[in-house]
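Subject: Structure for your files

Hello,

Here is the structure I said I would pass on. My notes on it follow below.

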2 protein chains.
Amino acid sequence: MRVRLKDIAKDLNLSKMTISKVLRGQTDISDETKARVLKRVKELKYIPNISASSLRTGQTKTMGLVLPSIGKPHLSAIVDGIRHAAGAQGYGLIVSPSQEDAEYEQRQIEVFLSLQVDALLIVSLQETTTFFEQMQRSKSIPLVFVDHRPAGIMQNYVGLHDVEVGRIACEHLIHCACKRIAYLRGPRTAAADMRAKGYRQALNEHGLAVQSDLVVESMHPEESEYRRGYEATVRLLQRRGRPDGVMAYSDMMAVGAMDAAISQAVRIPEEMCFVGCGDDALLCSMRIPLTSINIAGRELGLKAGQLALAAIGGGNGSRPQRILIKPRLVRRKSSDGHC
Amino acid sequence: MRVRLKDIAKDLNLSKMTISKVLRGQTDISDETKARVLKRVKELKYIPNISASSLRTGQTKTMGLVLPSIGKPHLSAIVDGIRHAAGAQGYGLIVSPSQEDAEYEQRQIEVFLSLQVDALLIVSLQETTTFFEQMQRSKSIPLVFVDHRPAGIMQNYVGLHDVEVGRIACEHLIHCACKRIAYLRGPRTAAADMRAKGYRQALNEHGLAVQSDLVVESMHPEESEYRRGYEATVRLLQRRGRPDGVMAYSDMMAVGAMDAAISQAVRIPEEMCFVGCGDDALLCSMRIPLTSINIAGRELGLKAGQLALAAIGGGNGSRPQRILIKPRLVRRKSSDGHC
DNA sequence: ATGAAAGCGCTAACAT
DNA sequence: ATGTTAGCGCTTTCAT
């Protein structure tokens, strides 16, 4: 049987209350007993039963994070940030992947609720926010949406400043003296639209025309990102007035794009500069090291965690917040020519 | 306040006992009340408090999984398998990343124990197994090591049959009529040694000599895998009697290796075949689609989950098991020439 | 077929 | 400085 407070108490001829007090750092205990208790607790490898204490206190000192998948490098940094924020306040973090399935996501959330987590962070797949509104009607624990925002959201949200992603990438290419900047834009999502907007803004602000045929949509969404980047670039290179700068929605598309250029003997970065997005350690260190937009995932996670903690502490007094993290550019060789 | 059994009971003029029985599918309840209860439970979005029930039953119907990182694609399939096994028996799964930190791993395990999970699955970073032995002395919940095995382990273990990884890759190249097969071997770990062993076995069994200069160690472990694969292959190509088959410890190394070959105008797969390992969807669909060893992560996870469940059910009667999953080859263009 | 009482391990509030 | 009592939400056991 697992060691309980009662066992330690009996062992030391004290009441379990005393042990409990020591463990929670109450001050009305003599230094001597405190030391004795701590010693024995360690020896016996006592591990408190959170279920029991939460029943009494209504707190588990644990936050739950639901995310779509375990395999995406970019989520890793976010998790790390959240974990750091949680740990700093003595909170634990438990995670649950929803396997890219919106319905499964809901079930995971229920698992967390039944485990009595004190706050819930969600990289959600839901398109709308109705499920969460219903949820908050019955039981209201702090809720923080991370990285992905369902439409019409009113709750806490910490995400990426997508307009800035597009703007920063584009401005960098402009500073690299690029005159004809192509954008391999990603899927038709709200986030992708924001990035395209940033791209256009940057061009405008620097007096460059937006040429719509330089913004390339994926023709075959079922293809790999690599191929999509590759083929889009092949087409761009056939254009009269070939682009001298290419920015892509993802690192993988950028890698595909660079390969297309290489295969046509285009020199990088002298003749053409490239910027990816994601700053994936693996992809950016291939062939020609790729300049990329770092999503600042750790900072994002940190902010999300802090927001959750504040909401736990602040009761319902604190109103929903919306925080956008600014990405930053990481320069590498793919754009280091004429900068 | 969250809805409790008592609330539903009051609402329906029943005792909370009756509600509890309905929820757990006891049979001594009239169909009519059962229907009434179920209806109301749904309407009120009742979510049971696992903390409370576990206190009584000693079970949370939840398994915990500790893994080094959230960002590795290969772990994703494993998690999926475990989750599937768990779900099939009505168990929940919660995950916790240890951020590649062995000490942090131990703390995560304690979080799970204090949360009262019914079983623990671990992709461990520990080099030895002493921490776990101590742990099991005080409180013995089922423990399953997954994918990575600390030295001298006596507990349940489900992992990859690493010898087979090396053998299958090598045999495939042999069947592709390769005569001089190089191996870009990975780190100096037990798993990597096993794979090298499989490679040698395959050569021996097919009457090919093991040429030690065809087994390449990473010279600069601080470099990216891509670069290591690239540079190793450049050196191999300078060799008198250049290899006609290359297998690599990872997909990324194989991609680097192929790039090196391409840059020297070697035709793939006509002049040289390549096999990677990991079957990473992204990497294998680049440039020249890469033949790779699929780690069968989902099956691995499934088995691990089932083992954990069996251990929960079987009490301590069931003795530690060791299960090795056989990988399988996924053919793609990089080795599809003269097969 | 339904319900009352007791108790799981812990802690808030109140003695001593 | 230490201990007692009661109760968190649930389920086990035993009535009714």
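**Notes on the loops**

Ala265(A) sits in the loop between α11 and β9 of chain A; helices (H or I, at least four residues) and strands (E, at least two) are DSSP runs, numbered from the N terminus. This is a predicted model, in which local features need pLDDT of at least 70 and side-chain atom pairs count only at pLDDT 80 or more, while totals for chains, interfaces and linings use all residues. Residues are numbered from 1 along each chain as its sequence is written, and chains are lettered from A and ligands numbered from 1 in the order in which they are written.

The phi of Ala265(A) is near 60°, a positive value in a residue other than glycine. Ala265(A) is exposed, because 7 other C-beta atoms lie within 10 Å. The cut-offs are these: buried means that 20 or more other C-beta atoms lie within 10 Å of the residue's own, exposed means 12 or fewer, and partly exposed is in between, with C-beta atoms placed from the backbone.

The loop between α11 and β9 of chain A also holds Pro269(A). Ile268(A) and Pro269(A) are joined by a cis peptide bond with omega about 5°. In chain B, the peptide bond from Ile268(B) to Pro269(B) is cis, with omega near 5°, and Pro269(B) is in the loop between α11 (251-263) and β9 of chain B.

Another positive phi, about 70°, belongs to Asp147(B), which is not a glycine. Asp147(B) is in the loop between β4 (143-146) and β5 (156-160) of chain B. With 24 other C-beta atoms within 10 Å, Asp147(B) is buried.

**DNA strands**

DNA strand C is surrounded by 24 residues, and the closest are Arg4(A), Leu5(A), Ser20(A), Ala52(A) and Ser53(A). A residue is near a strand if its C-beta atom, placed from the backbone, lies within 6 Å of it. At least two residues of this surface come from each of α1 (5-12), α2 (16-23) and α4 (50-57) of chain A and from each of α2 (16-23) and α4 (50-57) of chain B. The most, 5 residues, come from α4(A). By class, the surface near DNA strand C has 9 nonpolar, 8 polar and 7 charged residues. Here Ala, Val, Leu, Ile, Met, Phe, Trp, Tyr, Cys and Pro count as nonpolar, Asp, Glu, Lys and Arg as charged, and the others, Gly among them, as polar.

Two or more residues each come from α2 and α4 of chain A and from α1 (5-12), α2 and α4 of chain B. The largest share, 5 residues, is that of α4(B). The surface near DNA strand D divides into 9 nonpolar, 8 polar and 7 charged residues.

**Between the chains**

In all, 47 residues of chain A are in contact with 47 residues of chain B, where contact means that the C-beta atoms, placed from the backbone, lie within 7 Å. On the chain A side, α4, α5 (73-88), β2 (92-97), α6 (102-114), α7 (130-138), α10 (225-238) and α11 (251-263) each supply at least two residues. That side has 22 nonpolar, 15 polar and 10 charged residues.

Leu55(B), in helix α4 of chain B, is in contact with Ser51(A), Ala52(A) and Leu55(A), leaving aside its neighbours within four places in sequence. Leu55(B) counts as partly exposed because it has 16 C-beta neighbours inside 10 Å. The C-alpha atoms of Leu55(B) and Gly229(B) are separated by 54 Å, and the two residues are 174 apart along the chain.

**Domains and a sheet**

Chain A is divided into domain 1 (5-48), domain 2 (58-160 + 297-325) and domain 3 (162-296 + 329-336); the bounds come from an automatic or database domain assignment. Taken over C-alpha atoms, the centres of domain 1 and domain 2 of chain A are 35 Å apart.

Chain B has an open sheet of 6 strands with mixed pairing, in the order β7-β6-β8-β9-β10-β12; two strands pair if DSSP finds at least two bridges between them. The edge strands, each pairing on one side only, are β7 (215-216) and β12 (328-330) of chain B. Strand β6 (residues 181-184) of chain B pairs with β7(B) in the parallel sense over 2 bridges, and Tyr183(B) has Val215(B) as its bridge partner in β7(B).

Regards

Terms used: Contact = placed C-beta atoms within 7 Å.
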